[in-house]
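This briefing is for a reader new to the structure. Please look over the sequence and the model before going on to the notes.

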Amino acid sequence: MHLKPVIAANWKLNHSPTDAKAFLQRFLAQSPKLNERTLIFFPSAITITTVIEGLRERPDVWVGVQNVHSEAQGAFTGENSVLMARDVGARVVLVGHSERRHVFGETDAITTKKMALIAQARLTAMLCVGETLEEREAGRTASVVERQLTAGLAELDDAQVASVMLAYEPVWAIGTGRTATPEDASEIHGVLRRALVSRVGEKVAAGIPILYGGSVNRGNASLLLAAADVDGLLVGGASLDADSWASIVRA
Ligand code: PGA
């Protein structure tokens with residue numbers, strides 16, 4: 001099955017509401033509705049309302065949050081909840097991004113809890129997995145991403161797994177200018193696809209998009225997207241400029 005590619009922009013800690021307005025004006029002027037792509041923006045929680053309002057005429061573009069807390073509510077100063085994300089109009093939640101794992105100490109156990117909360121809220125989770133350079137050099141890439149995938153899906157039933165998206169983001173490729181080759185990406189996407197097949201069967205597994213992320217830019221986007229088993233792109237740095245992003249979504 002060939003899935004409709006999902007092209008997602010992870011703005012990380014960039015773009016204030018004012019920046020986002022200017023970005024959308026420029027981006028929308030050159031990017032009419034694309035039936036053959038699903039586009040997603042992940043702005044900061046402070047910027048998300050501006051992005052959702054700016055895309056009111058473009059229901060084809062999804063908006064998501066970069067993180068939610070692992071508990072539904074309570075005394076967790078500084079955090080955002082999945083129900084708040086849903087209330088504001090977010091449709092997707094990033095989980096287990098490498099910066100959450102490696103900068104903020106998010107463990108597999110935390111991703112398990114977040115994935116369950118997101119599924120209960122009936123939002124789409126985009127679970128990120130990926131190995132460090134050390135793990136790659138030790139030949140542990142497949143086992144690391146399988147472990148992260150198993151933890152992320154641990155508390156979901158098969159119907160909930162069916163609505164998940166995955167992103168393979170090798171840690172050594174994020175923000176470094178070093179990308180995986182299309183062959184490397186295909187190989188690990190194949191590992192993830194096979195793990196999905198054993199969890200939920202061939203048919204459901206074939207419908208789950210697996211995005212590649214890590215130094216994607218307008219120069220390498222189309223080659224990566226054309227690679228076997230790559231169903232989309234998760235783009236950080238190169239999604240911040242409206243012109244660069246407009247050309248990536250057409251890759
Ligand atoms: P990058 O980030 O494109 O800047 O490497 C990707 C990501 O972290 O999702």
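A polar contact is a pair of N or O atoms within 3.5 Å. The model is predicted. The notes below cover the barrel, the helices across it and the ligand site.

**Barrel**
- The barrel is closed by 8 strands, with parallel pairing, in the order S1-S2-S3-S4-S5-S6-S7-S8.
- From one strand to the next, the twist averages 25°.
- Strand S3 (residues 61–65) and strand S4 (residues 92–95) run parallel and are joined by 2 bridges.
- Opposite Val65 stands Val93 in S4.

**Helices across the strands**
- Helix H7 (residues 141–153) lies across strands S5 (124–129) and S6 (165–168), and runs at about 155° to S5.
- Helix H9 (residues 182–200) lies across S5, S6 and strand S7 (210–213); its angle to S7 is about 150°.

**Ligand site**
- There are 13 residues around the ligand, and those that come nearest are Lys12, His97, Glu169, Gly175 and Ser215.
- The shell around the ligand holds 7 polar, 4 nonpolar and 2 charged residues.
- Gly175 places a backbone N or O atom 2.6 Å from an oxygen atom of the ligand.
- A polar backbone atom of Gly236 is 2.8 Å from an oxygen atom of the ligand.
- The ligand taken alone exposes 280 Å², and the protein buries 95% of that.

Conventions
Residues numbered from 1 in each chain as written. Predicted model: local features only at pLDDT ≥ 70, side-chain atom pairs only at ≥ 80, totals over all residues. Heavy atoms only, no water. Pairing = 2+ DSSP bridges. Helix = DSSP H or I, 4+ residues; strand = E, 2+ residues; numbered from the N terminus. Axes fitted to C-alpha atoms, helices over the stretch in contact; angles between N-to-C directions. Contact = heavy atoms within 4.5 Å. Near = heavy atom within 4 Å. Polar contact = N/O pair within 3.5 Å; in protein donor to acceptor, adjacent residues only side chain to side chain. Areas by Shrake-Rupley, 256 points an atom, 1.4 Å probe, with all protein chains shown as cover. Nonpolar A, V, L, I, M, F, W, Y, C, P; charged D, E, K, R; others polar.
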